[in-house]
Amino acid sequence: METALLVALGLVVGLAIAGLAVFIARPRTPAEDPAAAQRAAEQTAAAQMADQRIVELGARVQQMGELLAKAQTQLQSSMHERLDAVTAHLGTSMQNATKHTTDNLQKLNERLAVIDSAQKNLTDLASQVTSLRAVLSNKQTRGAFGQGRMEAIIQDQLPKGTYEFQYTLKNGRRPDCVVMIPDQRPLVIDAKFPLEAVTAFRDGKTDDERKTAAQRVRADVTKHINDIAEKYLCPGETQDTALMFVPSESVYAELHDGFDDIVQKGYRAQVMMVSPALLMLAIQVIRQVQKDTQMREAADLIRAEVGQMLKDVRLLGDRVKKLQTHFGQANEDLGTILTSANKIEKRGARIEEMDFEGNGAPPANVIPAPVRRIKAAGEF
């Protein structure tokens with residue numbers, strides 16, 4: 001646009017200069033003087049030449065204007081094309097950026113959803129841990145927790161009738177569980193393990209606190225071992241060994257690592273500490289022993305059934321032999337019948353070959369058949 005204004009301004013300036021030159025070159029009315037006439041002719045020729053130059057200059061200015069206009073048109077076209085290309089590229093870039101941003105936001109939302117779910121699970125787990133700590137902080141609820149875990153293991157591994165909870169012994173004591181061993185002497189299992197001292201030992205922060213808690217652990221567990229041995233080990237009524245159930249694998253490992261003297265006292269008192277995994281293993285061994293005993297008790301019945309089965313097999317063999325005899329006799333009878341049929345067939349063939357129209361007498365070996373008269377109904 002600025003280029004067009006410059007071209008127009010140049011044309012106006014050129015026309016003004018041409019008009020001024022024409023005005024200057026216009027002849028004045030001279031006096032009658034030959035020299036003046038010659039000068040006037042020269043001025044007229046100069047004016048004509050100036051006019052011609054002005055025309056040429058106007059043509060060149062017009063040509064330059066056309067060239068400038070054409071260049072401006074080309075420049076505008078090129079600018080428009082480049083602007084269109086830049087706009088298209090910018091639009092594509094913006095579209096790609098928008099899509100990429102949308103995808104990232106979607107992925108971010110999915111991850112936030114996963115994080116929210118994980119946070120919810122952590123909150124639930126924290127509440128469960130809190131409730132579990134509340135359960136374990138109370139002696140009665142902790143005993144019920146150990147009792148429930150022991151009962152779940154027993155019920156999952158043994159069939160009904162091979163165990164009993166709160167079984168009453170002859171001395172009036174009632175252990176948490178007894179498992180019936182094949183020799184009818186029950187195995188006693190106790191689930192009331194003292195966890196207060198172990199918890200205090202774990203929570204101890206100083207050496208003195210841990211030392212005091214360790215002494216308490218030894219005292220409480222030793223007392224519990226002695227109580228089990230005195231209350232539940234009844235000679236001739238129960239097994240010689242009782243099981244003390246420890247409801248935590250970590251507590252069981254800690255007792256074996258740091259309190260081996262207590263474990264040895266339990267061995268000497270015939271009281272075995274078992275963790276949930278060891279109790280499950282012991283119950284599986286007892287179940288296998290029960291199955292073996294049942295197989296031994298059923299051995300006589302199996303032997304009697306096998307004897308009856310052998311008798312049935314021998315009887316079946318005798319009957320097969322009789323059937324074979326009958327089949328042999330039937331085969332002989334069938335052979336005799338086939339022989340008679342063959343003879344009859346041969347005699348019939350010879351009869352067909354005889355010539356009954358001749359006068360010859362029948363052969364001597366032909367037995368005359370009796371002629372029987374067919375009587376009407378009512379005739380005798």
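Student: Leaving aside its neighbours within four places in sequence, which residues is V221 in contact with?
Tutor: The model is predicted. V221 is among the residues with the most contacts inside the largest nonpolar core. With neighbours within four places in sequence set aside, the residues in contact with V221 are F193, P194, M244, I262 and M273.

Student: How many residues does the largest nonpolar core have?
Tutor: The residues with the most contacts inside this core are F193, V217, V221, M244 and M273. The elements giving two or more residues to the core are α4 (196-203), α5 (207-232), β4 (242-245), α6 (249-258), α7 (260-268) and β5 (271-274). The largest share, seven residues, is from α5. In total, the residues of the largest nonpolar core number 28.

Student: Apart from that core lies another; how many residues does it have?
Tutor: Among the residues of this other core are I153, L158, L187 and A191.

Student: Is α4 roughly parallel or roughly antiparallel to α5?
Tutor: The axes of α4 and α5 are 8 Å apart, and the helices pack at an angle of about 165°. Angles over 145 degrees count as roughly antiparallel. The angle between α4 and α5 is therefore one that makes them roughly antiparallel.

Student: Is the crossing of α4 and α5 left-handed or right-handed?
Tutor: The residues E196, A197, V198, A200, F201 and R202 in α4 meet R210, A213, A214, R216, V217 and D220 in α5. By class, this contact has seven nonpolar, no polar and five charged residues. The crossing of the two helices, α4 and α5, is left-handed.

Student: At what angle do the axes of α6 and α7 cross?
Tutor: L255, H256 and G258 in α6 meet D260, V263 and Y267 in α7. These divide into three nonpolar, two polar and one charged. α6 and α7 are roughly perpendicular to each other, because angles of 65 to 115 degrees count as such. Their axes come within 5 Å and cross at roughly 100°.

Student: Which residues is R174 in contact with, leaving aside its neighbours within four places in sequence?
Tutor: R174 is found in the loop between β1 (163-165) and β2 (177-179), and is partly exposed at a relative accessible area of 47%. R174 is 14 residues from V188 in sequence, with a C-alpha to C-alpha distance of 9.8 Å in space. Beyond the neighbours set aside, R174 is in contact with Q166, Y167, T168 and Y232.

Student: Q166 is not a glycine; about what value does its positive phi have?
Tutor: Most residues other than glycine have a negative phi. Q166 is found in the loop between β1 and β2 and is partly exposed, with a relative accessible area of 33%. Its phi is positive, at about 55°.

Student: And Q270, also with a positive phi: which elements is its loop between?
Tutor: Q270 is not a glycine, yet its phi is about 65°. At 37% relative accessibility, Q270 counts as partly exposed. The loop that holds Q270 is between α7 and β5.

Student: Is P235 buried or exposed?
Tutor: P235 has its place in the loop between α5 and β4. P235 and R185 are 50 residues apart in sequence and 9.7 Å apart in space, C-alpha to C-alpha. The relative accessibility of P235 is 79%. Over 50% counts as exposed, so P235 is exposed.

Notes:
Residues numbered from 1 in each chain as written. Predicted model: local features only at pLDDT ≥ 70, side-chain atom pairs only at ≥ 80, totals over all residues. Heavy atoms only, no water. Core = buried A, V, L, I, M, F, W, Y, C linked by side-chain atoms within 4.5 Å. Buried < 20%, exposed > 50% of the residue type's maximum accessible area, 1.4 Å probe, protein only. Helix = DSSP H or I, 4+ residues; strand = E, 2+ residues; numbered from the N terminus. Contact = heavy atoms within 4.5 Å. Axes fitted to C-alpha atoms, helices over the stretch in contact; angles between N-to-C directions. Parallel < 35°, antiparallel > 145°, perpendicular 65-115°, else oblique. Left-handed = near helix turned anticlockwise from the far one by under 90°. Nonpolar A, V, L, I, M, F, W, Y, C, P; charged D, E, K, R; others polar.
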